Amino acid sequence: MNDKITSALKVPETKADDKPIVEVAGLCKWFGDFCALFDINFSVNSGEKVVVCGPSGSGKSTLIRCLNQLEEHQLGTIRIDGREVKPGMKGIEEIRRDVGMVFQSFNLFPHLSVLDNLTIGPIRNRGMSKSEAAEMAMELLDRVHISEQASKYPMQLSGGQQQRVAIARALCMRPKIMLFDEPTSALDPEMISGVLDVMVELAEDGMTMLCVTHEMGFARQVGDRVIFMDDAEIVETADPESFFNNPETERAKIFLSQLLSH
Amino acid sequence: MAATDQTLTRERPKATISLSQTARTSLQVLQAIIIFSILAWVSYRGAQAMEYNWQWYRVPRFFYRIIDGEIIWGPLVLGFIETLRLAGVSIIFAVLIGFVTAFARLSNSFAGKWIATIYLEAIRNTPLLVQLFLFYFVLAPIFGMDRFWAGVLCLSFFEGSFASEIIRGGIIGVSRDQYEASDAIGLTPYDKYTKIIIPQSLPLILPPLTGLIISLIKHSAIVSVIAVSELTTAGMNLISETFMAFEIWFIVAGIYLALTVTLSAGVSLFERQLEKGKH
Ligand SMILES: Nc1ncnc2c1ncn2[C@@H]1O[C@H](COP(=O)(O)OP(=O)(O)OP(=O)(O)O)[C@@H](O)[C@H]1O
Ligand SMILES: [Mg+2]
C-alpha cells in the first residue's frame, strides 16, 4: 500500500541541487471521520523555499503540523532529513530539534525573558552552557533586529517584535528547516513588514523554508515553488510567477481572485 | 462621555484616596469588634453562671518554666512544635501525592488513570477518622510504622486527594499553545513540564494550595485520637491534669489561629513578590 503511494510520488521540478530535507508521500490525516489531508505528496530540498497557500480550512496548518508531529497522521510516510517520522515514535524530540516552527500566535513562553525563551532549547536540548547559549541567542536577536529587548518579557513587546523573537527562538536550535504557519496574519499591518524582512533575510542566508502564507509579495520574492491546497489536497504546484499570473486550475483562479479582492 | 462640568485634560488625574472605601472597611472592623465583644461577654457570663474558676495566671508555665536559670519548654510549646513537624512533613507528602495523582490522571496510561480514580473516590467517600484508624490499626502494624508516621501518611493521602485536583486544574489551565511551543523546540516531556508548564501553572496552583495547607494544619488535630503528641493532645493532657478546660481550649485554638493567619499572610506576601519579580 505504502509502496504504491510512494511510486505515485511526483517530485515537481526543483533546484534539485541537494538532498531532500522533507519527503512526504501518500500522507492522509483524519480528525475523527473528517479527512483533513488526503494523499499529500511533495518534497522540499535543502535550501529550497516553498510557499503553501490555499483557502481557510484546506489543511495547510495540519500539513505542516504533521511534519513535526504536533498532529499525528494515519497514513503515508514523512521523512525529515532522511529519518521517518511516525506517530507516537520514540525520539521525536531529536527530529523536532531539527525543525524550527513559527506559529501564527507566536506562542512565546510568557514566564521567561526574551533571552531565556531563546536559550532554554539549546541549554536543555543541546547541553550548551548558559553563557554559550546566551552568546548565540544575542547573535540571533541581533539578526532579527531586536537585541535591545533581550531582558524584557514577551508581554512587554509588540506583536511584530514577539514574532521576531519566536523566529529567533526557532533558529536557536540550528534547525535544518523552518516551518512558518501564517506568521504575519495575526499582526497589525504596520508590524508585518518587519517580520517579512527578517524572513527574506533568512531566505537569503540559504535557510530551507516551508511557509504557509498569503503574502504574495513575499512568495514572489523568495519562493522557489508555490503549493496550492484546497479541500485537504494539493491541487497545484508551480513556481510563484506562473502560479500568481496564470494559475492552471479553476480552484486556484477562484482563490486568487478572492485574495486579490481583499 | 460622562456629564461633568470639569473639562477633560490630557493630564493624568491625581490619585485620590477613596473615603468611602476606608469608611466601609472601618465599619466592617467595628462590626467584627462588636460581635466578638458580645460573644466574649456571653461566654464570660456563662462561665460565671457555672461558677467556673478562671486561672489564667497558671497558663504561662504551660508554655515554659525557668528552672535554675534554664528554660524548660512546656507541653504547649512542645505540642506546637510537633504539630509543625507533623503538618510540615504531611504537606510535602500531600503535594507529592497530589502531583503524582494529577499526572496519573492526565496521562494516557489506563492503569494510572484507574488507580488515581480509585484512590480519589476512596479518600473522598470515607470519613477521615476511619481513614486514620485504618492507617493506625491496620497499615501501621503491617508496615511497622509508629503513630507519628501513621498520622503523617493519613493526612498526606487525605489532603493529597485535594492537592491533586488543585494541581490538575493548574496544569489544565496552561494553554495548549505552550505545550506545542515546547514540543516544537524539541523539549523532552520532563523539561516541558518542569520548565514550561508547571512554572506557568504555579500562579493558578499556589492560592488554593495555601487553603489546603491551612486545612491540613487544622485537620492535623485529628491525630490526637491516636495519641500523637501534637498540640491538641498536649491540650487534652493538660486539661486532664489541671481541669482548666476553658483557658486551655481558648489558647489551643488561638495558637492554631495564629499559625494559619501567619501562613496565609506570608503566602500572599510571597505571591506579590512573585508578581513583582515578573515585571
Ligand atoms: N484538532 C482538530 N479537530 C478537528 N478538526 C480539526 C482540527 N484541526 C483542524 N481541523 C479541521 O481540519 C481542517 C483543516 O484545518 P487547518 O487548520 O489545517 O486549515 P488551514 O488551511 O490551516 O486553514 P486557515 O487558513 O484557516 O488556518 C479544517 O476544516 C479544520 O476545521
Ligand atoms: Mg491554518
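Good morning. I begin with chain B, where the axes of helix H7, residues 176–184, and helix H8, residues 189–219, come within 10 Å and cross at roughly 160°. What I present is a predicted model. Because angles over 145 degrees count as roughly antiparallel, H7(B) and H8(B) are therefore described as roughly antiparallel to each other. Their crossing is right-handed. On the H7(B) side, the residues in contact are Gln178(B), Tyr179(B), Ser182(B) and Asp183(B). They meet Lys192(B), Tyr193(B), Ile196(B), Ile197(B) and Gln200(B) in H8(B). By class, that contact comprises 4 nonpolar, 3 polar and 2 charged residues.

Helix H8(B) has a further partner to consider. Its axis and that of helix H6 of chain B, residues 147–172, come within 8 Å and cross at roughly 145°. This crossing, too, is right-handed. From H6(B), the contact involves Leu155(B), Phe158(B), Glu159(B), Phe162(B), Ala163(B), Ile166(B), Ile167(B), Gly170(B) and Ile171(B). Among the H8(B) residues that they meet are Tyr193(B), Ile197(B), Leu204(B), Leu212(B) and His219(B). The residues of this contact divide into 15 nonpolar, 4 polar and 1 charged. I would draw attention to Tyr193(B) and Ile197(B), which are listed in the contact with H7(B) and also in the contact with H6(B).

I turn now to chain A. Helix H4, residues 114–126, and helix H5, residues 130–143, pack with their axes 9 Å apart, at an angle of about 125°. That angle makes H4(A) oblique to H5(A). The crossing of the pair is right-handed. H4(A) contributes Val114(A), Leu115(A), Leu118(A), Thr119(A), Pro122(A) and Ile123(A). H5(A) contributes several residues, including Lys130(A), Ala133(A), Met136(A), Met138(A) and Leu141(A). In terms of class, there are 12 nonpolar, 1 polar and 1 charged residues in this contact.

Finally, the ligand. Which residues surround ligand 1? The surroundings include a run of chain A from Pro55(A) through Ser56(A), Gly57(A), Ser58(A), Gly59(A), Lys60(A) and Ser61(A) to Thr62(A). Phe31(A), Phe34(A), Ala36(A) and Glu182(A) also belong to the set.

Thank you; I welcome your questions.

Methods: Residues numbered from 1 in each chain as written. Chains lettered and ligands numbered in written order. Predicted model: local features only at pLDDT ≥ 70, side-chain atom pairs only at ≥ 80, totals over all residues. Heavy atoms only, no water. Axes fitted to C-alpha atoms, helices over the stretch in contact; angles between N-to-C directions. Helix = DSSP H or I, 4+ residues; strand = E, 2+ residues; numbered from the N terminus. Parallel < 35°, antiparallel > 145°, perpendicular 65-115°, else oblique. Left-handed = near helix turned anticlockwise from the far one by under 90°. Contact = heavy atoms within 4.5 Å. Nonpolar A, V, L, I, M, F, W, Y, C, P; charged D, E, K, R; others polar. Near = heavy atom within 4 Å.
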